[in-house]
Amino acid sequence: MLMISPKMASGMQEKQYTPSLLSFFIYNPTFGPREGEEEKKILFYHPSDVEKNEKIRNVGLCEAIVQFTRTFCPTKPAKSLHTQKNRQFFFEPEENFWMVMVVRNPMIEKPNKDGKPPTVEYQEEEMLDTVYGAVVRQCYSMYKLFNGTFSRAMQAGGVELLMQKLEKFFYRYLQTLHLQSCDLLDVFGGISFFPLDKMTYLKIQSFVNRVEESLSLIKYTAFLYNDQLIWSGLEQDDMRILYKYLTTSLFPRHSEPELAGRDSPMRPEVAGNLLHYGRFLTGPTNLKDPEAKFRFPKIFVSAEDGYEELHLIVYKAMSAAACFMISASVELTREFCEQLDSLVGPQLTLLASDICEQFTINRRISGPEKEPQFKFIYFNHMNLAEKSTIHMRKTASVCLTSVHPDLMKILGDINCDFARVDEDEEIIVKAMTDYWVVGKKSDQRELYVILNQKNANLIEVNEEVKRLCATQFNNIFFLD
Amino acid sequence: MAEEHYLELSENPVQFEHASSVNNVFFDEANKQVFAVRSGGATGVVVKGPDDKSSVAFRMDDKGEVKCIKFSIGNKILAVQRTSKSVVFPDKRSLKLLKSQSINVNWYQYCPETAVILLSTTVQGNILQPFAFRNGTMSKMSKFEIELPVVPKPAKLSLSERDIAMATIYGQLYVMYLKHHSRTANSPSAEVVLYHLSREGSCKKSHVLKLNTTGKFALNIVDNLVVVHHQTRLCPEHPPAPVLLLHRPLVFPAGPAAVPSQPPVPCQLYSSSWSVFQPDIIISASEGYLWYLQVKLPPTVNLLQDKGKLMDFLLRRRECKMVILSVCSQSAYLTAGSLPVVATVFDKLNQVYKDYLEAEQSYTQAMESGPSRGSAAQKRPVRTQAVIDQSDMYTHVLSSFTERKGVSHKFIIAVLMEYIRSLNQFQITVQHYLYELVIKTLVQHNLFYMLHQFLQYHVLSDSKPLACLLLSLESTYPPAHQLSLDMLKVPNNRPETRCCSTRCLGRSSRETSDSGEAPPSTQVSTARSTWLTSSSCLGSRR
């Protein structure tokens, strides 16, 4: 992606290019071990219009590098390959299945005088392995959420089925990748939790328990408000990827019509139900129409003996969304949907307005003092809770940060340092211009603070951060 | 097959010599004493009261047939009536007329508990004039009319003394009228109409209890329940049964159950010599027994299917605690499919609990703020059996419930959380042992992700015992370490005991040379100084 930054007074401009996806492919070397069979190894390749031999060459190169580096460290093969112009990321999600993502390094095109072609300067060091490595992992997790593992597809229908599934999924998914805005949060893959008082939380628990009891088909439930999680009945790893899907794909798709005007054709069909504001985000859009067909997306979550396949029902009333997961072996009928609608709709509507009320009361009480004046990112590995005052609107298409990408890069570097050791650490960095960046790691928690204090010294910065911990995180034990 | 009866006669009735040609039996409702007068008193008068200690025997001259005989309170003064117009006091005393009132009276009734006399006036007899006796004075209350089902023409006495009874229900005085035919043409059934006589003197119709049947009735009040005894006119051999009615007019007859007689006293139920007295006395003069009518609560549990209504009923009864707790833990009740019912029951119980706690609290505050300044002295609130607190619920219901086999663990947790939710709703502080029960159950079933979320949202309130429990879970569930440290950070949870501090300093002591006995704050500041030194060595990074 191209960003224009006017720097030269003479009117000639420097062009800044952000990282972009060059290619993405999935292969299994055991499928074509002999000469002449190389094409069989390739299960998926993007962009598809590349010439066959070039595909084979690229795949072969990756295979060779991985094999080669294995001789030095059999247990931990190469994770990435850095070259001047691009970087390749390798990931083996299942035995002998490899996913490779090739990203073009960010670069600056500096115009030259006298008609010479512009000089291109590649900023190889701007990219962080951890960030894009995490992106590749997430690609696999997302695929697995909707399709199960690669081996499952192989068992069900051999290589042909697997290739079909990969094509169908990645063709769409890769279009949603916005590599230019990937950063530390992708490394975490965390979940944002909605702050709630005890009484309302207990009411939500009560609601979930009662619905699960009345509709015994429901195996798991998750409850979200305003794109933030309140309750999850799923294990962490499953919830993590489901959360990402909901907040970056499903909810944005359905919120835009809601925001549309009254007469807009995009406005969802409100089934004339005045009793409640509940509606299905997945499944039947109009319960009143008996002819309309519907289906629920199927997801795969981990179970004691591998994986289980579930229908995903997402039901929303105002800002509250409840996800109900039912075994895929059950056929969900219109009657069931109607039953769910009449049971859940009114209760969820009531809960949503309760939560909204509580939230407004809490904000009024805590007042402007609690308004975050600090720019920070917090993450807890234990429960995957993340909080960021740096990132603003996060949708599928855009993720705005309020700080310069250089600073985000520093955060990423600090995170890499933290990952190298087990002990608790604190790292303070003076960045360019007026910024100080502080990273704290305590137990399983990480906190990154960006301070804009020009003439502060180390001790003052330290004090500031301690103050932040005391106010914003007063019930969390941070070792000072 | 023995049916479970919910009404029974007292086990040890007061026994007296039964009525015969030589023995007359009199009953004084005020002192609940039975007088057995032999031969007009010449061969002896035996007086028996509610307890044997007050049995008195004496002789008096036979000066004619005794119409009525009573003692004053404490058996100090004896009064005997032999003629229709005079009363004799065997001991010489002086008598002073305090007050007189001139009214045409058909009959009267007296309620000793409230010291109110009710006079039937007018030709039809349905205008009742009450008088209250208080502090040695007699004050007239406002009269009221009993609605008759049929207005007789020409007017004649249509309201008999047998149709009226006075009773105290929930501390209020009521006049109960047995209306044999309802005015509505379609239903010939009988009703009991209650008129509430308030302290200020005004009286109004307050409740109608529909009996849905006809026949002969008698009324008793037991444990604030209106008991209607019913004898069918049509089949005298059919064992008549009392119909238990609940006080709230919303309710309905709960189905008859026979009243058993207590062995070894065989006697015929509802024999013709049975007399019913207020509030809860049944006397059989021909056999010589006086019984108190009692309610047995456990069998009543099956009478009401709606558990909410059942709770309302039980919470108002005297000896209700164990019955309520057994209802709560009955298998039929706490099985899957009943979460809303569980929630309702908990809410009803906690409402009563909360009321008691508040009364206690205001009493304590009043006591602490010094002797009352002009306002009436507050009485210490009485804790009735209906107050079911957390320790009751834990001991009798919840701890055994969590061990029950065959119940899904999700349901067990759901019930525990409902109880905690209900306590929170009534702003009652949850005891830590309840939280411990939740944690133990979650850990037992490996529901760690639930535990983590509950702790994250502080649903299980922070406390020292809980923090220690979490520390002990570290080997099974490593994140418990982090959670317990957070909990210990709250100032009043700082550990004082040695074992706590050594464990929680397990990690931080790596950075320092101290071995941990000091509380975290000291350790923490030592660690800090080490780090400040090390971080000052960092240069600036790009």
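**Close-up views of a predicted two-chain model**

**View 1. The annotated Longin segment of chain A.** An unreviewed UniProt entry lists residues 22-148 of chain A as "domain: CCZ1/INTU/HSP4 first Longin"; UniProt positions are given in the numbering used here, feature names are shortened, and annotations may be inferred rather than shown by experiment. Over residues 22-148 of chain A, 30% of the chain is helix and 31% is strand, and 26 Å lie between the end C-alpha atoms. Helices (H or I, at least four residues) and strands (E, at least two) are DSSP runs, numbered from the N terminus. The model is predicted: local features need pLDDT of at least 70 and side-chain atom pairs count only at pLDDT 80 or more, while totals for chains, interfaces and linings use all residues. Residues are numbered from 1 along each chain as its sequence is written, chains are lettered from A and ligands numbered from 1 in the order in which they are written, and side-chain values use heavy atoms, with hydrogens and water left out.

**View 2. Domain 1 and domain 3 of chain A.** Chain A is divided into domain 1 (13-181), domain 2 (196-254 + 275-364) and domain 3 (372-471), with bounds from an automatic or database domain assignment. The centres of domain 1 and domain 3 of chain A, taken over C-alpha atoms, are 30 Å apart. Eight residues of domain 1 of chain A are in contact with eight of domain 3 of chain A, contact being heavy atoms within 4.5 Å. About 570 Å² is buried between these two domains, 58% of it on carbon and sulfur atoms; buried area is the accessible area (1.4 Å probe) that two parts lose on being put together, summed over both. The count of salt bridges between domain 1 and domain 3 of chain A is zero.

**View 3. A salt bridge between chains.** Arg210(A) and Glu418(B) form a side-chain salt bridge, at 3.6 Å from N to O. The pair runs from helix α5 (residues 198-214) of chain A to helix α5 (residues 409-425) of chain B. A salt bridge is a side-chain nitrogen of Lys or Arg within 4 Å of a carboxyl oxygen of Asp or Glu, and the count over all chains is 35.

**View 4. Backbone details in loops.** His46(A) and Pro47(A) are joined by a cis peptide bond with omega about 0°; Pro47(A) is in the loop between β4 (42-46) and α1 (52-70) of chain A. Asn96(A), a residue other than glycine, has a positive phi near 70° and is found in the loop between β6 (86-94) and β7 (97-104) of chain A.
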